[in-house]
Amino acid sequence: MTTTFTEKQKNALIKKFHTLLTRGGIGNSEKEAMLAGYGVESTRDLTVYELTELCIKTDRIVNPAQAESDKLRKRLIASISGYRHAMSGVYPPMEEIKAIACRAGKVDNFNRITNDRLRSLYNAFNKMRKDLESVTQMTKERIHELTTMN
């Protein structure tokens, strides 16, 4: 019997889910409660999408520090993107955002920026964006005042 791509993907996700349960020390009763949330009794009854979602949720439980770092990285990406958009009116590509973050964080790899530094850079880029937007708005108002006076 030939195994389809979806079946292979589903089997890999089932294996990943069970590995996460073992690594996290999550027992059968907790596993059954998680599956009950999807209205099933076995991982085989879940779709690939549901298994993916369940693996992500379980990974967050098992690796809370990693989940925190991911959240902080996403916030920094949004902050830098917002700042660059305020500067130029366009959203930069992801490679540019990560390059800016690496230069600001003084690292050669985006994932090596520490959580404290991610927070600090997030706040700095947000402050710069707000300052830039404020100055831009004041300038527009002043130009409008000057043009309406003539």
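**Exercise 1: The largest pocket**

The residues K16, C55, I56, D59, R60, N63, Q66, A67, D70, K71 and K74 form the lining of the largest pocket in this predicted model. Determine which helix gives the most to this lining and how the lining residues divide into nonpolar, polar and charged.

*Solution.* 
1. The pocket in question has a volume of about 190 Å³.
2. Helix 3 (48–62) and helix 4 (64–88) each contribute at least two residues to the lining.
3. With five residues, helix 4 gives the most.

**Exercise 2: The length and faces of helix 3**

What span should the 15 residues of helix 3 have at 1.5 Å a residue? Find also which residues of helix 3 are buried, and where they lie around the axis.

*Solution.* 
1. The expected span is 1.5 Å times one less than the number of residues; for the 15 residues of helix 3 this should come to 21 Å.
2. The end C-alpha atoms of helix 3 are 21 Å apart, in agreement with that expectation.
3. A residue counts as buried when its relative accessible area is under 20%; in helix 3 the buried residues are V48, L51, L54, C55, T58 and V62.
4. Because these residues cover an arc of only 120 degrees around the axis, they lie on the same side of helix 3.
5. The face turned away from this buried side carries Y49 and R60, which are exposed.
6. Among the elements covering the buried residues of helix 3 are helix 1 (5–24), helix 2 (28–36) and helix 4.

**Exercise 3: A backbone angle in a loop**

Where is K106 placed, and is K106 buried or exposed?

*Solution.* 
1. K106 lies in the loop between helix 5 (94–105) and helix 6 (115–149).
2. Although K106 is not a glycine, its phi is positive, at about 55 degrees.
3. Exposed means over 50% relative accessible area; K106 has 73%, so K106 is exposed.

Notes: Residues numbered from 1 in each chain as written. Predicted model: local features only at pLDDT ≥ 70, side-chain atom pairs only at ≥ 80, totals over all residues. Heavy atoms only, no water. 1 Å grid on protein atoms, 1.4 Å probe; cavity = no way out; pocket = protein on both sides within 12 Å on 5 of 7 lines; lining within 4 Å. Points joined across faces, edges and corners; volume = space filled by probe spheres on them. Helix = DSSP H or I, 4+ residues; strand = E, 2+ residues; numbered from the N terminus. Nonpolar A, V, L, I, M, F, W, Y, C, P; charged D, E, K, R; others polar. Buried < 20%, exposed > 50% of the residue type's maximum accessible area, 1.4 Å probe, protein only. Arc of directions from axis to C-beta. Contact = heavy atoms within 4.5 Å.
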